[in-house]
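Hello,

Here is the structure I said I would pass on. My notes follow below it.

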Amino acid sequence: MRWILLVATLLSWLACFTRHGGGAMGFWLFVGIIGAIATALAFAQARIEARARPETMFEVTPTGKNRDKSSPS
């Protein structure tokens with residue numbers, strides 16, 4: 001999906017700079033800016049997902065003092 005966003009953003013920038021009318025140029029410029037933001041966020045999300053730890057790493061196990069407090073005496 002992020003590659004499709006990148007290609008669409010680049011095509012909108014190309015369309016923006018090849019238009020002669022102000023309205024069409026403004027529209028494609030707006031689409032290009034929104035596409036650039038969406039593309040940056042998509043690549044950031046993919047990078048974060050690649051480096052994220054699995055959820056099983058976050059299981060808390062009692063150790064040390066916590067284990068002593070939780071055991072009934």
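Helices α1 and α2 are roughly antiparallel to each other, a label given to angles over 145 degrees, whereas angles under 35 count as roughly parallel, 65 to 115 as roughly perpendicular and the rest as oblique. The axes of α1 (residues 2-18) and α2 cross at roughly 155° and come within 8 Å. Axes here are lines fitted to C-alpha atoms, for helices over the stretch in contact, with angles from 0 to 180 degrees between N-to-C directions. The crossing of α1 past α2 is left-handed, meaning that the near helix is turned anticlockwise from the far one by less than a right angle; clockwise would be right-handed.

Please note that the model is predicted: local features need pLDDT of at least 70, side-chain atom pairs count only at pLDDT 80 or more, and totals for chains, interfaces and linings use all residues. Residues are numbered from 1 along each chain as its sequence is written, and side-chain values use heavy atoms, with hydrogens and water left out.

The chain as a whole

The protein chain has three helices and zero strands, in the order α-α-α from the N terminus on. Helices (H or I, at least four residues) and strands (E, at least two) are DSSP runs, numbered from the N terminus. Of the 73 residues in the protein chain, 11% are buried; buried means under 20% relative accessible area, exposed over 50%, and partly exposed in between (1.4 Å probe, protein chains only). The chain exposes about 6300 Å², and carbon and sulfur atoms supply 68% of that area. Accessible areas come from the Shrake-Rupley method with a 1.4 Å probe; for residues, only the protein chains shown count as cover.

Residue pairs

A15 lies in helix α1 and counts as buried because its relative accessibility is 13%.

A36 belongs to helix α2 and is partly exposed, at 35% relative accessible area. A36 and T9 are 27 residues apart in sequence and 6.1 Å apart in space, C-alpha to C-alpha.

F43 is also placed in α2, and its 29% relative accessible area makes F43 partly exposed. From F43 to R2 the C-alpha distance is 6.4 Å, across 41 residues of sequence.

The surface patch

L29, F30, I33, I34, I37 and L41 make a nonpolar surface patch of about 580 Å². L41 sits in helix α2 (residues 22-51) and is exposed, with a relative accessible area of 58%.

Regards

How values were computed:
Patches are made of residues with over 30% relative accessible area and no salt bridge: like charges are joined within 9 Å, nonpolar side chains (Val, Leu, Ile, Met, Phe, Trp, Tyr) within 5 Å. A salt bridge is a side-chain nitrogen of Lys or Arg within 4 Å of a carboxyl oxygen of Asp or Glu.
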